[in-house]
Amino acid sequence: MSSRTNKPHEIVERALELSRADGCVVIADEHSTANLRWAGNALTTNGVTRGRTLTVVATVDGREGTASGVVSRAAVTADELEPLVRAAEAAARGASPAEDAQPLVEGVPTSPDFTDAPAETSSAVFADFAPALGESFARARAGGRELYGFANHELVSSYLGTSTGLRLRHDQPNGTLELNAKSPDRTRSAWAGRSTRDFKDVDPAALDAELATRLGWAERRVELPAGRYETLLPPTAVADLLIYQMWSAAARDAAEGRTVFSKPGGGTRVGEKLTDLPLTLRSDPNEPGLESAPFVLTHSSGDDASVFDNGLPLRPTEWVSEGELRHLTSTRHSAGLTGLPVAPGIGNIILDGGEEKSLEDMVATTERGLLLTCLWYIREVDPATLLLTGLTRDGVYLVENGQVVGEVNNFRFNESPVDLLGRATEAGRTEKTLPREWSDWFTRAAMPALRVPDFNMSSVSQGV
């Protein structure tokens, strides 16, 4: 193999050849992005980027156990490989034995496209979307509103090779659209977002119409005090809360008594009923429209991930089944410690089990309550209960007798997503959604709207 090659699969092979460690994992991530931005009903910028990140995990066996060293660098070429591999080996030799050490995964069939060129995105992904967006600018201008926002499409081709013979590849498309509509005097604002694989299922005209309706609702302003209100959480807000719950669901942390999933007196709450609603929270790497890597692909170890598990096949997993807690995220190491099944994290999250009601149908059956647009600035207050605090944003609406009658002020909330599942009285139709708060890290979600009879709006916020 030529030392001058820059093809990702050959970079992986060459790094493995260079390795002098007892074990080696190499991940080459080929990134490409395309984006559009707009403000005041006009496109402002667009661009395309390309890049590569190479991660080398070296493992070194010693008398007291196996140590690991992980080094990642961007824009690595073939000639820069050896220093990177040696750096990972040096990090491993200088480290204490890795607590999560396991034999590297083997026996997984090679991906048939492992030697193919990486997939790439380009501005062509917006070929249909951009003209439709232009038409929405014209309608918004005629309707006296201004549109702001951005569209971003990313495609990452990941090549995974190991010294145990694994040769795996996964292409991950990821598209996000965020659209804000504002009144010309900036006193009213509304937001909508979408997650998409290819922008073929995004309709700017429908989004603009939705935002126009919400700006109309905001023409009447109602001030409300802090308190507990019946609240309709839209799918985006449910996603933001349950993603944080998923990130806090490591099996080992629960078994050691540090999380909301710890059982008083010891052990975990696996097997416990969390809600009387027939809700199932699950992940599936093959979920249509939300497809994610079908094997573990991780660049570092943590509470819920281990570099030693790279390449481990992923299967559909029910975290909550018909309201009952079934699984907590676990590596092979943490599963051995806790006695729970191996259940690595998966790159999507779906909540099923609601009725077929749309959010509009749920509004129509609300006597008096609040309808949220989205949440932001979510932070953890207490890990023992998973109490979170955050703010509402871009529209909180008052519903009376099945009709939206005006916009109210924003609030700070204090709630635990686990408690919310237990108190929710109704779930609507599950649909793909964009988690607004976490969209930089996690976008593949499908959620229903939830009705919570006593959502805690702990204080009034002056934000918009």
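**Helix packing and burial in a predicted model**

User: This model is predicted. Which residues of helix 3 and helix 4 meet?

Analyst: From helix 3, Phe-129, Ala-132, Leu-133, Ser-136, Arg-139 and Ala-140 touch Pro-204, Ala-205 and Asp-208 of helix 4. The residues of this contact divide into six nonpolar, one polar and two charged.

User: What makes Ser-136 polar but Arg-139 and Asp-208 charged?

Analyst: Asp, Glu, Lys and Arg count as charged. Arg-139 and Asp-208 therefore go into that class.

User: Why is helix 3 called roughly parallel to helix 4?

Analyst: Helix 3 (residues 129-142) and helix 4 (residues 204-217) pack at an angle of about 30°, with axes 8 Å apart. Angles under 35 degrees count as roughly parallel, so helix 3 is roughly parallel to helix 4. The crossing is right-handed.

User: How do you know that the span of helix 2 agrees with its number of residues?

Analyst: Helix 2 (residues 81-93) has 13 residues. At 1.5 Å a residue, they should span 18 Å. The end C-alpha atoms are 19 Å apart, which agrees.

User: What makes helix 1 mostly covered?

Analyst: Eight of its eleven residues are buried, that is, under 20% relative accessible area. They are Pro-8, His-9, Glu-10, Ile-11, Val-12, Ala-15, Leu-16 and Leu-18.

User: What covers the buried residues of helix 1?

Analyst: The cover includes strand 1 (23-39), strand 2, helix 2, strand 4 (146-162) and strand 5 (167-182). In turn, helix 1 is among the elements covering the buried residues of helix 2. Those buried residues include Arg-86 and Glu-89.

Terms used: Residues numbered from 1 in each chain as written. Predicted model: local features only at pLDDT ≥ 70, side-chain atom pairs only at ≥ 80, totals over all residues. Heavy atoms only, no water. Axes fitted to C-alpha atoms, helices over the stretch in contact; angles between N-to-C directions. Helix = DSSP H or I, 4+ residues; strand = E, 2+ residues; numbered from the N terminus. Parallel < 35°, antiparallel > 145°, perpendicular 65-115°, else oblique. Left-handed = near helix turned anticlockwise from the far one by under 90°. Contact = heavy atoms within 4.5 Å. Expected span 1.5 Å × (residues − 1). Buried < 20%, exposed > 50% of the residue type's maximum accessible area, 1.4 Å probe, protein only.
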